[in-house]
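Hi there,

Here is the structure I promised to pass on.

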Amino acid sequence: MNRQGHIGMAILAGSAVLYVMPALSIVPAALVIAAAGIGGLLPDLDHKTSTVSNKLQFSVRTRKKLKGLSALSLGVGILWFVLQQPMPWLWAAVGLILALASRLRMLLLSGFGLLLLAGYELYSLHWLTLLAGFALLIMPFVKHRGIIHSPEFAGALSLGVVSFIATQPVLLQALGLGLLAGWWSHLAGDAVTVEGIRSVLIPRLKVALNLLRNGGAVERWIARSCWLCSIAIWLIIFY
């Protein structure tokens with residue numbers, strides 16, 4: 001399922017959570033919906049060119065240019081070194097920076113993952129920090145619809161979020177519940193496609209209902225229907 005389908009289903013899931021929750025004021029209610037929309041896209045961080053991944057990196061064309069300039073800069077640095085010209089290391093440093101910029105997504109995800117792991121170790125943070133840090137650290141290196149899309153990971157994430165927000169203010173509770181609603185809706189959306197989702201513990205266990213084609217007319221109608229149902233729920237809740 002593509003972006004429009006995932007967002008539509010995520011908003012509907014967040015609206016359903018909002019419907020069964022105790023009455024909330026407009027700010028936490030809006031936070032539930034916003035978090036659900038974000039959560040509906042987050043599992044696709046394991047895809048190099050997904051909507052959410054593209055927010056963390058340059059365009060394909062720019063990345064190719066950066067890689068080419070990086071190789072050129074490193075080549076000049078080597079030539080400068082052989083010819084005993086001044087500061088060959090400067091060219092090498094520029095080449096390294098350009099190479100890192102071409103892999104900005106990997107740098108951001110893994111870097112933030114390491115920060116979370118360090119925070120867990122140094123400050124004894126909630127174990128959700130350990131789970132999130134590990135997930136972000138491996139995110140650039142795992143295959144799409146692998147461990148991050150598995151029901152086992154979603155279950156562990158749910159346990160972590162629920163146990164963390166249990167003692168938190170209402171805004172954090174709204175954020176956590178919305179995020180989980182969006183995350184599970186993403187897995188449900190992928191389960192109805194031909195690719196499906198797969199268990200990590202039982203690799204042969206796969207759910208692929210093959211009910212729709214990514215980006216097809218059925219998905220567009222599902223997205224529109226989800227939005228209409230969400231609006232109806234909002235009207236029931238607030239009016």
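Isoleucine 26 counts as exposed because its relative accessibility is 60% (exposed is over 50%, buried under 20%, partly exposed in between, with a 1.4 Å probe and protein chains only). This residue sits in helix α2 (helices are DSSP runs of H or I, at least four residues, numbered from the N terminus). Please note that this is a predicted model, where local features need pLDDT of at least 70, side-chain atom pairs count only at pLDDT 80 or more, and totals for chains, interfaces and linings use all residues. Numbering starts from 1 along each chain as its sequence is written, and side-chain values use heavy atoms, without hydrogens and water.

Ile26 also belongs to a nonpolar surface patch of about 840 Å², together with Val27, Val170, Leu171, Ile231, Leu235, Phe238 and Tyr239. (Patch residues have over 30% relative accessible area and no salt bridge, and nonpolar side chains, namely Val, Leu, Ile, Met, Phe, Trp and Tyr, are joined within 5 Å; a salt bridge is a side-chain nitrogen of Lys or Arg within 4 Å of a carboxyl oxygen of Asp or Glu.) Helix α10 gives the largest share of the patch, 3 residues.

The largest pocket holds about 680 Å³ of space (a pocket is an open set of points on a 1 Å grid where a 1.4 Å probe fits, with protein on both sides within 12 Å along at least five of seven lines; lining residues have an atom within 4 Å of a point). It is lined by 25 residues, and Leu42, Leu128, Ala132, Leu157 and Leu179 are the closest to its centre.

Best wishes

Technical notes:
Patch = residues over 30% accessible without salt bridge, like charges linked within 9 Å, V, L, I, M, F, W, Y side chains within 5 Å. Areas by Shrake-Rupley, 256 points an atom, 1.4 Å probe, with all protein chains shown as cover. Helix = DSSP H or I, 4+ residues; strand = E, 2+ residues; numbered from the N terminus. Points joined across faces, edges and corners; volume = space filled by probe spheres on them.
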